[in-house]
Each structure stands twice: as structure tokens, then as C-alpha cells.
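Subject: Structure for you to look at

Hello,

Here is the structure I said I would pass on.

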Amino acid sequence: MKPLKKSPKPASAPVVPTCSSAPLRILLGAAAALSVSAVHAVVDAPPDPSVESDAAAADQGQKTRTSYRYSEYDEDPQTGRVIGSRERYFVRAHQFRLDQSIGERAALALSGTHEVMSGSSPWYVLPGANGDLIQVLSGASIRDTRRELVATLVTDPTLPDHNTYSASISDEDDYKSLALGFERAQALAPQLTLGYGLSYSDDSLDPTDAIEQNRIEHANKNTASGFASLAWVLDRSSVLQAGVQLTRHDGYLSDPYKQVAVGTDVLRDARPDLRLQTAAIVRYRRAFADANAALHLDYRYVHDDWSIQSHSIELGWYQSLGKDWRLVPSLRYYSQSAADFYSAFFVDSPGRHASSDFRLSAYGAVSGKLNLRKRFGDWEFSIGAERYRSNEHYALGSANDIVPGLVSFTRFFAGFDYGFD
Amino acid sequence: MRTERSTKFKLLLLPLLLVLGACASTTTVQPWERGRLARWDMQWQPDALEGAMADHVKFSKEGTSGHLGAAGGGCGCN
Amino acid sequence: MLQSFHFSFAAMGCPCALHLEAEHEQAAQQAFTIAETELRRLDRKYSHYRDDSLIAEIADLAGSGRSLTVDDETAALLDFAASLHQQSAGLFDITTGALTHLWDLRSGSIPDAAAIAEALRHVGWQRLQWQRPELSVPVAGMRLDLGGIVKEYAADRVAQLCRDAGFSHGMVDLGGDLAVIGAHADGSAWRIGIKSPDARNYATAHIDISAGGLATSGDYERCLIVDGRRYSHIIDPRSGQPIESFASVSVSAPSCLVAGAAATMAMLLGTVNGANWLQELGLPHLCLSRLPE
């Protein structure tokens, strides 16, 4: 122990200074401006909207947040020669979401979707007499309702290491799905975050009009999926994430409503009962502080053992305009190759597996979306539209066969987010 | 066919690895310097509901899907 | 009949305690909740270790040319810092972040002259543009460290919120920065032991306070030791070097904020000027020094 000496004038006992020196008066004066009780009102006040550089950080601090979106999805009418109705799908959807933080320890999110679908869907393709293709669609309008509920619990959401547990249920007249998921984020180094997770879904199908239409009456399928990702903080304005997702589907993977023209017969859509899919994903986010904007760039490559490969690239620009407005334009390009058992129609026996589902064909799609958002205090209103066009000629690579059923659609959405403490 | 595909896959991975390699040498960004990264518009998915709907539509209408997260259940969408 | 309650907890990176005399446990628990909530709010707002804090937002502002409209509370803290900077002729400076970082307590080594010179280019309150309520930070890489004020301010805030909630006897201790809610129920003062710089659990002296606050600034809680030499965590913003000063200075004042500012200022001024300044200030104080080795 080192020897100590006390300062020349150690403190005596007085509690409040009796005289007030000049420097003390200045010190007390300066401190008086920081009145501890005057600030009291600030504690419960809503986030200060005058903080202009980061209007966004405020809405994440709110303890309760509710969101609602209404959307209308409208597919272009079927072109070319058809048998059945040209009127394709129209979907009206309502989405709700409630985000509730439970102290610092947990955050709970509940989201629900209610959507009503109507219209007709492509069944199969017949070759015409002069080499053209005839799309056969369901005649009468199909009408189905889907209800989905997703519950998500994040433990220690404010910490770098946190877990996410999710459960979801989706219910339609002819389809039910139950899914569970687990994800974990873990900081490996200050700049590096590892993410990984597993999920499992158990789906059952009960197609309508099974007997009349020669469809399977009941079937099951399961999906198991795992992913791992790494996210890097590159510098103070940018982050990059790269990862891989592996998915295994097994069970009845055919589409019970789709059929295949084989010679003069029309047979059921028949796909393998196993599908292994690998997706490699890179995401990049960059903030442009001077422009008060952020760039989003997402790329995804998918490969599966049905021999489909796809590339998708999406570019988004998040522009803040003043304190309250945000404009988010985005563009996306998608291209895929065909499954090895796909053909618009088959002249003779195709083997065990055959499908004429346009979703398994070689095609490309281009889409653009615009979203405008406006804040009013704790409210933020959002309105937007998306236009999506797919075409066999948009695909990467050599000239592709005509795919009559390819879908193009327009989507409108509007809604709000409301947050409070 | 198979070999061609795997070559393509490798070609895709190469730029990815280069990007990752470059990241390893970046200097440390301190927590207090991350204010910008915490912004709403810097999140992987800033708008949960719209993101879910956009993903759902593509999942229903395209031949492939995938994302870095737990996968949800399927649907009978046509 | 009032009972006494003690809560020990961690907040703002240090061990904290709330001492309270209350009617029953629920009441004491209520005060503790008030304290915890307020400390969490301030920690979240002024933390150096959160990417969503105001400090992070200000760091993001540095060199961008933009300005930030700050809330009243932050504005008052900045005004207080400005006043201290002026009074101490530039010694008290909340922009020494780059320097503090250089003299990292955990690194175990001393920075070289070039690094210090570089860091000094990012230091200096006068480089900030502070025109209440607008703040802009023209120099990229500059950052604010309100750590020297916020903890003391937080102690005062918690004491005030407890008084507002009807508690009149108690004391808040945030890692040695104390604010009195009110004297003991029998009217006696709180007796505070000042730790010896070298023997952690041994009280060198006692100070009695029944109102206001008491703060201690010293090199024994947080210091860097290289080759047996102590480097204080208090850095002179003009030279970039740690200050040779007292082992510790404790000051009692009408508020913890003033006590903390006075103690820090005395440390910054060094043994001779610091002692004189404290004398002139007229606040009760206790300075401990090491004998020359």
C-alpha cells in the first residue's frame, strides 16, 4: 500500500456552502439550465419529429406498432387461343401486424393475412392444328379464401445475439399448412454477424371436385429448410450479407389442379416426390447520408435437382424527402430455366414425370414498384403499385419455346403503420 | 449438362468470394459509428407487411424461391 | 415506521445502488422501477455502445455538413458542457472521444506521437457548431463523449423523480456519483466513505451529506498501467497526454452534476491549480494524492 497524504485542506463536514464564490456562481448557473425536473415532460413525450437526420430511428423505438395493408392483385387476361375463361386471378388481401416489445427482453409480432382469390387458372396446353398452342383454363371462376396467422417471438431483440422463434398456420378450403421456425443471430466479431436457422412445414391438400375432375383426394407434403448467413459491417454506411439456404420438399409436390396433354390424353400433373433446392443469396445495403437515401441490392441464385436454375436481382432506392415523405422505387429481374420434365404438351409418353405448369418453364420476368410514404406524427401512410411482366423471351440464354400461361400482373397496395409507447 | 451447370455455379461464387475477401480487411466500425446502419431504410426488410406480400406473390407465381431466414409454410395458390 | 431498503444493480456500465427509507417493500420497489426506467432511458440515449443512440447519430453527422435539431434535454447538456469548456479555458472538453479511444484502458500500451497528433485534429469543442438547438459537426471522425456529465445528471434525475413520486429519504449511487433524495428519516446525514486509492475496501475518509450530491473523479477506478506507470483516464485535450494529477478528488455540491463538474475540473487543473481552484470555489472537497515515488 502506497503512502497517501491528504490535500492541504481536507473537506470538513459542512453540507451546503455558506458563501458563494464567483466560479461557483457560474457553475451553479450553468447547471441550473439543466433543471432535472423541467425535463420530466420529455420522458413521456413522443419522439421529437424535429430530429431531421434520422426520422426513421424513432419508429423503431416504439413499444407497440400496428400495421395494416390492403392490396389488390390483378392478373392480365389470358392472351392467344384459349378454351375456358380468359379472366385470370384477382386477389383482394388484408394484412394486419402487431409488434409489441415486452421490456428489453422480448419482442412479439403477430401478423394475419386474409385474402380472397377469384378467377380461372391454367390447366393444360393443347397443340393447335396449325402449330399454335391453345391454353385450356378452368371454365367457371374458382373462389377461395386464405387465412394466415404468423406469430414471431424474438428474445433479447436489442442484443447482438438473439433468437427468433416463429409459428405459422395457413388455411384455405383445399390447403392447410403448419410451420415452425427457429433462427439465431450471433456476433462473431464486432463487424461480423452469423445467422442460422431451421424451419419445418407440414402441409396437407384436399383438392375440390376431386372425384369429378380425376384429382387426388388427399395428399401431404413436408418442407424442411435450413440457412446460414454472414453479415459484415463494411464501413459506417454499408453492410453486406451472404448466405445459403437449403430446402428439402417431400411428399405430393405435383399441382392437383394442373394437367398435361399427352398425345390425345389429358393426364394428371406428375412431379417427383422429392425436391432439393439450394439458394445462394447476397444482400447489400448502402446509406447515402448527404442524399438522405439508401441503396438496396439483392441477388439470389437458386438451383434445384429438377434442373431449374434461377437468378433474381433486385435494386431498391429508399429516398427520404424532407422530414415526412419517403419514396421507394425498385426494379427486379428474374430468370429461370425449365424443369427437365416440363413441356407445354407431350406428343407421346413422357416417362414418370410430366408437367405443363408455366412456373416450371424457362422464362424471365421484369417488375417495377413504386412506394410512397408519408408520416403524420405517429402515423405513417403508405401507398404503392407494382407492375410485373413475364415472358419466355425475357429469360437468359437462347431462344425459348412459347409458354402460353405466363402471368403478368398489376398490384396496388395502401395502408398505414401506427406506433405508440 | 451437369458439368456446365457446376462451372456456372463456380463462376458465380468467384465474385462472391472476392467481395468477402475484401471485407475481411476493412477497419473496425465502432458501435457509436453505426447510427447510420440503424436507420429504417438500412434494414434488410424495412417494411415487413409489404415484404411478406411481395414474397408471397413471387413464391406463388415463380418456379423457385428462397431467402435467408426461416421458411414459412406453403399455400395452394395457382 | 419507515424501513430501509437497498437495491444493487448495474447501469451505465458501473455498479449502482439505491438506498431508500420507505413504508413498505412495494413502495421501495416502485422507486427502484422509477430509477431503472430512467437510467435505461438515459443509457439508451447517450450510450457509446449502442448503434441507435443519439451519440451514434451525432457521430454520423460528423463531416456530413448536415445539422441536427436536438431535444431540450440534450441542448441543456450541451450548454452545460459549453459553459464548462469556457470556464476551464478549454480543459473540460466533451469532444475528446478520439483521444480517449487512443488511450484505451484495455490496450495496455501507450499510443505514439503521430497517432496523438492525428487524434488531436478530431478534438476541440470550438470545432463544433452549436447554436441551440442546432448542432453540426463539420470535422469528420469527431465525436462527443457526454460520459463525464450524463452519469452525474442521471443521479440527479433519479433523485428528483423519486422526490416527485413522494419519497423523501434516500440516496442514489451510480458508481460513486451520489445524489441525495433526502436525509435519513431521523434527519441525520448520509455518511459516505471515500475509498482509498490503493486499498479498495478501505475508507480513507468520510463525508456527510444530507442534500445535493457528491462526486468523485479519480485515476484508481479506471486507469492504464504501462511499465508500472499510471496513466490517468483524464486526458488533456490540448496536449493529448494523460494528466498528472490527484489520485482522486471528491466534491460535494448542491447537485451531483455540479459536484462531478467541479471534481473533474480539479483533476484537469492538476495538484496545484486544482487545489487553488477548489478553494476559490468554496465547495466541500477532499483531494487525495500519491506521495512522489
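Two residues count as in contact if their C-beta atoms, placed from the backbone, lie within 7 Å. By that rule, 8 residues of chain B are in contact with 12 residues of chain C. On the chain C side, these divide into 4 nonpolar, 2 polar and 6 charged (nonpolar: Ala, Val, Leu, Ile, Met, Phe, Trp, Tyr, Cys and Pro; charged: Asp, Glu, Lys and Arg; polar: the others, Gly among them).

This is a predicted model, in which local features need pLDDT of at least 70 and side-chain atom pairs count only at pLDDT 80 or more, while totals for chains, interfaces and linings use all residues. Residues are numbered from 1 along each chain as its sequence is written, and chains are lettered from A and ligands numbered from 1 in the order in which they are written.

Chain B has 2 helices and 0 strands (DSSP runs numbered from the N terminus: H or I of at least four residues for helices, E of at least two for strands). Its contact with chain A takes 41 residues from chain B and 80 residues from chain A. α1(B) gives the most to the chain B side, with 7 residues.

Chain C holds an open sheet of 3 strands in the order β3-β5-β4, with antiparallel pairing (strands pair if DSSP finds at least two bridges between them). β3 (68-69) and β4 (129-131) of chain C each have a single partner strand, so one side of each lacks a neighbour in the sheet. β4(C) is joined to β5 (residues 134-136) of chain C by 3 bridges, and Trp130(C) stands opposite Leu135(C) in β5(C).

Regards
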